[in-house]
Amino acid sequence: MKQLLQILFFFTLGTSFLVAQEITFIDREQITRWKNSESDTVFVINFWATWCGPCVKELPAFEKLQEEYADKQVQVILVNNDFKKQFESRVIPFVQERNLKSRVVFMNESNPNKWIDLVSEEWSGALPATIIISGKKKQTLFFEKSFEYEELEKALLRVL
Amino acid sequence: MKKPLSLLSLALGLFAMSFITGVHDGYHVGDVARDFKLMNVDKSMKSMADAKDAKGYIIIFTCNHCPFAKAYEDRIIQLHEKYAPQGYPVIAINPNDKDKAPDDSFEKMQERAESKKFPFWYLYDDKQEIAKAYGATRTPHVYLLDEKRVVRYIGAIDDNSEDADMVEEKYLENAIDALHEGKDVEVSFTKAIGCTIKWKS
C-alpha cells in the first residue's frame, strides 16, 4: 500500500510538471501597454512562429535569458504569430513539448499592418523580431534579426 | 600628408556606410526600380522589358516554403489572371538561398510552379541582388511598378494573410486599380508579417 501511494505521489508530481502554461491571447493594445510601461520590469519581447526556422533556433537563448535574469526584474515574453486556425494543433503542442518557461502569448490580430508599427517603425514585419523595453529608463531597443545568447544578453545589459 | 589620408578614409567610410544603409533601405514609393534578368522556371531568362505591352508590373518576392507565401499562392494566381489581361502581369521572384532554405531551390520552384500551374513567371534571384536592390526583407513582399518602373506601392497583398474570405482591404488591388485609372495610390505602403528572406551567409 505504501509503495502504491509512493507511486501515485510521484505520478501526480510528474504530471504536475508536465502541465504547460496557459497561452493568453493579446491584441495590439497590449503592445502599446508594454511600450508605455513605467514599471521596473524590463520586457524582452520576441515575435516568433512555430514554422519560422530562425525563430525556433533562437528560442533557447530567450529561455536561458529568462532563467538567468528571473530575479532581476526581467520578463521574457514570446509573442506567437502562427495562424489562428493552427493554434490548437501546432502552438499548444509546441509549447508543451518544448516545455517553454518564458511567458507565451498569442497575437490575436488579423491585420498586421495595424500593429507592426506599434512594435517599431523600423520593423518590416519579417520574423523573428525582438524589442527590449525599459520603462524606468524610457528606452526601447528594436532588432529585426535572430540572436545567439551572448548577443541577446549584451542587448539586455544595455538597458538593465 | 596626414590630412588627405584621413580625408580619404573618411570618404571611404562614408562610401561604405552609404553602401550598407543602401542595402537595407531599398526602394521607396516614387523611386525608379531597376530591371533584371533572372531565370524563369522554364529555364528562359526574363526581364521586365520582355513583358510585352505591360502598363505596369506586380513584382512579388515570394517562395515555396514560407507559410505566408503558401497562404497567398492562390490569391497571387488570381491576381495575375485578373490583371495580366489589363497589362499588369505578376512577376514572382524567389530570393531565398537554397542552402538555407532547401525547399526554395530552383528545382523545387519548378516542381511548385508545375503542380500549382503558375500562370506567371516564377524567377530565381540566385545572387539575391534584386531583392537587395529593392529592399525586400520578407516573403511575400510586393512592389507595384508603373510602366516606367516607378514604384507606386510597397507592402502586403491584403489585410488578412490567414483567410482570403476574411479580407477587408485589398491593398494591392486598390493600388493597381488606382494606377490603372491614372489616380494616386491612396495607401501606398503597408506592412505584413512574413518569413525573413534567407540571405546567403
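This is a predicted model: local features need pLDDT of at least 70, side-chain atom pairs count only at pLDDT 80 or more; totals for chains, interfaces and linings use all residues.
**Ground rules.** Local features need pLDDT of at least 70 and side-chain atom pairs count only at pLDDT 80 or more, while totals for chains, interfaces and linings use all residues. Residues are numbered from 1 along each chain as its sequence is written, chains are lettered from A in the order in which they are written, and side-chain values use heavy atoms, without hydrogens and water.

**Ring pairs.** I searched the whole structure and found 20 aromatic pairs over all chains. Rings of Phe, Tyr and Trp (its six-membered ring) pair if their centres lie within 6.5 Å; planes under 30 degrees apart are stacked, over 60 edge-to-face, and the rest tilted.

I looked up Trp48(A) and Phe94(A): the ring centres are 5.4 Å apart and the planes are at 40°, so I noted the pair as tilted. Trp48(A) is in strand E2 (residues 42–48) and Phe94(A) in helix H4 (residues 87–98), both of chain A, so the pair ties together parts 46 residues apart in sequence. Helices (H or I, at least four residues) and strands (E, at least two) are DSSP runs, numbered from the N terminus. Both Trp48(A) and Phe94(A) are buried; that means under 20% relative accessible area, with exposed over 50% and partly exposed in between (1.4 Å probe, protein chains only).

**A cluster.** I found that ring pairs link Phe47(A), Trp115(A), Trp123(A) and Phe142(A) into a cluster. Both Trp115(A) and Trp123(A) are buried.

**Chain B.** I placed Phe106(B) in helix H3 (residues 106–116) of chain B. Its relative accessibility is 9%, so Phe106(B) counts as buried.
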